[in-house]
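Trainee: Could you go through this model with me before I set anything up? I'd like to start with how the helices and strands get their labels.

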Amino acid sequence: MPKTIIVSDLDGTLLDPSDYSFAAALPALEVLWEQGVPLVLCSSKTRTEMEVYRRRLGNSHPFITENGGGAFIPQGYFSTPIGSVESAGYQLIVLGTPHAEVRNRFVLLRERLGVKVRGFTDMTIDEIAALTGLPRDEAALAKQRDFDEPFVFDEAPDEQFLQAIEASGLRWTQGRFFHIMGNHDKGRAVGLLQSFYQREYGAITSIGLGNSLNDLPLLQAVDRPVLVRHADGSFDSRIDIPGLLKTQHAGPLGWNEAVLQLLAPKAAHETTAHLTAPACLTGIFDAALAAADPYRAVLNAAKLEDGYLLVGGAAYNLAAYDRIIVVGAGKATARMALAIEDLLGARISGGLVIVKQGHTASLRCIEQTEAAHPVPDAAGMAGTQRLLEIVRAADVRTLVVCLFSGGASALLVAPADGVTLQDKQQVTALLLNAGASIAELNAVRKHLSAVKGGRLAQAAWPAQVVTLLLSDVIGDRLDVIASGPTAPDASTFADAWSVFAKYGLHEKMPALVEDYLRRGMAGQEAETAKGIDPCFRTTRHAIVGGIRLALAAAEEKARQLGCATEVVSVELHGEARTAAQMLAQNARAKQAGLREGEWLCLLYGGETTVTVRGTGKGGRNQELALAFALAIERMAGITMLSAGTDGSDGPTDAAGAMVDGETVIQARQLGMEPARYLENNDSYSFFQHFDERSGGHSHFKTGPTGTNVMDIQLVLCTRIQA
């Protein structure tokens, strides 16, 4: 059997373009390590940059730097001699022109043509760090060039300058940045290394992965070329070669998808017999996330045709507006704003979105402010005040595009007159700990706010307002998503008061809140905006995505893996522990009806609650998973994943957890009593300690996903052959 060799680009391919993480590719990387498949890194990065990532990846194979300028081979890697020079402890094959010569000709061309263009050599370390998003120490390594010079135009790319590079005997290419270089490319270096591997192993099969124009020679040089999708969902249209495989997902997630598929030829029609239950559930969850991507959701719902913005069943003639402003809040709003920027471009006059800390995107003209979630903070309050100032300046010739997703209720903070931020923080914490539903929590929030409950629409009137919503609530109710800043509100001050009564919290209610609600019930404070308000005559809404779309994609992925599927509920709610018992009971019943070797995936979506009685740390998904594990103790063939689509479960860095019938047994063998952790609402500590002691991966951590369409529970059932 031919030896498989994988050659891979880094930025935007194996590494996430925003944080340079390869976490999403770990499943495929583990397969490479287990099977001993060489992974040759091939990048525009310098040798010193590449060494950083080789250490992080545990990679000991040859690597190619600066778009093919040099091939670095560890000493003694190949058993037969190769023509090379020694450099920095490697055998180096020089294919490129020395950087000093490339740089000198770059400067001469720039001066002769008067082009506004800067290379990395012209920039400070801080400027490179700001441009690339690299930490300062890694930005310093990016300046240590051997063979090429990255450069950027101050304005639009100058075709005359690019043509002059080629006329001078040099070449240029483009990845994240333009590069000027000698007569070399990635393909030449890859071809050379392939010849060495062939000499070492005989027949080989090469797989190459890239995402940009500078990867085209690499992809042309390998047997199985793979084009990885960009973060915005697009592909580089300049790459079109025979046999090209294009990934469904972007960046390292797409890399992971393609490598697993190509290393297992049956992967496209794979069955669960070839995968572990955790791998299946992870793949199904990833498919749901991809379908809920806010960027794609917005571009699927909003179109630009002949100067008209088509969205929400309406057509907005953009020529009729002097200004277009974009405002919003939520965990997924940054990627929604990125889509609007790409759709409307320079037509946007400005705007502001408020996002959860760590959930930003690379926006160009729409500002973004980070704030706390789920308990509001001063940053959210300051951001909301600026947002209100922006919309209050709108007039009849202004189009206000509002973007809201899950988390907006906590991030959009404008306390009503007479109520303080501290009061709202205390109320939010009280209701969350009491297990109040999102609808109940929002009824209170709306009546303590100057922006929720339709009041943002009032502030923007008489402007035209179109609101795009990524739903994170059961039933996709406009008045509940983000607490309905631009939607009519049917709830009253009396409804808000009754929430405190239901949970016995009147005595704990802040005095200013109690006074404000009493005044509201007495008609002394203005109610939230109702349907008859004139502001709603110029306001439209469009739900661009939600849990149903995510579960449909999860269902399709489960079928591809050979599982029978059943979407049980898209409205899972109530206490997490109670929901866990229901899920476990259903799983046991369904499993009993399966034949040996048959697989069934049960899918749920919704949002449960947790009544906090203990002193521990956790979130509703981790608590649900722990309760589920206790309910299926010793039951072989049942595995469950419960996770938040936003990547953060409550106040933790975990999205959720994965458990099976052995989890509780194994925990007790390790000296842990799961029931005690559950009783103390300490599910996060349970899974943290369990993984530390067992070496497992029950804690499910994705990092911020950029979306938020409630939670997903996936239960995989099979009959184990006796």
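Mentor: Helices here are DSSP runs of H or I with at least four residues, strands are runs of E with at least two, and both are numbered from the N terminus. Please keep in mind throughout that this is a predicted model.

Trainee: Okay, then where does E49 sit?

Mentor: E49 belongs to helix α2, which covers residues 47-57.

Trainee: And is E49 buried or exposed?

Mentor: Its relative accessible area is 5%, and because the cut-off for buried is under 20%, E49 counts as buried.

Trainee: What does E49 touch, ignoring its neighbours within four places in sequence?

Mentor: With those neighbours set aside, E49 is in contact with L134, E138, L141, A142 and R145.

Trainee: Switching to helix α13: how does its end-to-end span compare with what its residues should give?

Mentor: Helix α13 has 15 residues, 378-392, and at 1.5 Å a residue they should span 21 Å; the C-alpha atoms at its ends are 21 Å apart, so the two values agree.

Trainee: Which residues of α13 are buried?

Mentor: The buried ones are G380, G383, T384, L387, L388 and V391. Around the axis they cover an arc of only 140 degrees, which means that they lie on the same side of α13.

Trainee: What covers those buried residues?

Mentor: The cover includes the strands β17 (323-329), β18 (350-356), β19 (367-371) and β20 (398-404), together with the helices α14 (408-411) and α17 (455-460).

Trainee: And what happens at the start of α13?

Mentor: There, a side-chain oxygen of D377 comes to within 3.3 Å of the backbone nitrogen of A379.

Trainee: How about α11, which residues are buried there?

Mentor: In α11, residues 294-301, the buried residues are P294, Y295, A297 and V298. Their arc around the axis is only 165 degrees, which again puts them on the same side of the helix, here α11. Among the elements that cover them are α12 (333-344), β21 and β22 (539-545). At the start of α11, a side-chain oxygen of D293 reaches to within 3.2 Å of the backbone nitrogen of Y295.

Trainee: On to rings, then: how many aromatic pairs are there?

Mentor: The count comes to 22 aromatic pairs. One of them is F120 with F177, whose ring centres are 5.7 Å apart and whose planes are at 65 degrees, so the pair is edge-to-face.

Trainee: Where do those two phenylalanines lie?

Mentor: F120 is in the loop between β7 (117-119) and α4 (125-132), while F177 is in the loop between β9 (171-174) and β10 (178-181), so the pair ties together parts that are 57 residues apart in sequence. Both F120 and F177 are buried.

Trainee: What kind of pair do F686 and F687 form?

Mentor: F686 and F687 are also edge-to-face, at 5.0 Å centre to centre with 80 degrees between the planes, and both of these residues are buried.

Trainee: Which residues do ring pairs link into a cluster?

Mentor: The cluster consists of F106, F151, F153, F161, W172 and F178.

Trainee: And which ring faces do K3 and K617 lie over?

Mentor: K3 lies over the face of Y201, 5.1 Å from the ring centre, and K617 lies over the face of Y684, 4.7 Å from the ring centre.

Trainee: Backbone next, what should I look out for?

Mentor: Most residues other than glycine have a negative phi, and most peptide bonds are trans. In this model, the peptide bond from H373 to P374 is cis, with omega near 10 degrees, and P374 is in the loop between β19 and α13. W461 and P462 are also joined by a cis peptide bond, with omega about 20 degrees, and P462 is in the loop between α17 and β21 (464-470).

Trainee: What about phi for A88 and S483?

Mentor: A88 has a positive phi near 55 degrees and sits in the loop between β5 (85-87) and β6 (90-94), where its relative accessible area of 51% makes A88 exposed. S483 has a positive phi of about 65 degrees and is found in the loop between β21 and α18 (493-502), but S483 counts as buried, at 0% relative accessibility.

Conventions
Residues are numbered from 1 along each chain as its sequence is written. This is a predicted model: local features need pLDDT of at least 70, side-chain atom pairs count only at pLDDT 80 or more; totals for chains, interfaces and linings use all residues. Side-chain values use heavy atoms; hydrogens and water are left out. The expected span of a helix is 1.5 Å times one less than its number of residues. Buried means under 20% relative accessible area, exposed over 50%, partly exposed in between (1.4 Å probe, protein chains only). The arc is that of the directions from the helix axis to the C-beta atoms. Contact means heavy atoms within 4.5 Å. A polar contact is a pair of N or O atoms within 3.5 Å; within protein, one must be able to donate a hydrogen and the other to accept it, and residues adjacent in sequence count only if both atoms are side-chain atoms. Rings of Phe, Tyr and Trp (its six-membered ring) pair if their centres lie within 6.5 Å; planes under 30 degrees apart count as stacked, over 60 as edge-to-face and the rest as tilted. A charge sits over a ring if NZ of Lys or CZ of Arg is within 6 Å of the ring centre and within 35 degrees of the ring normal.
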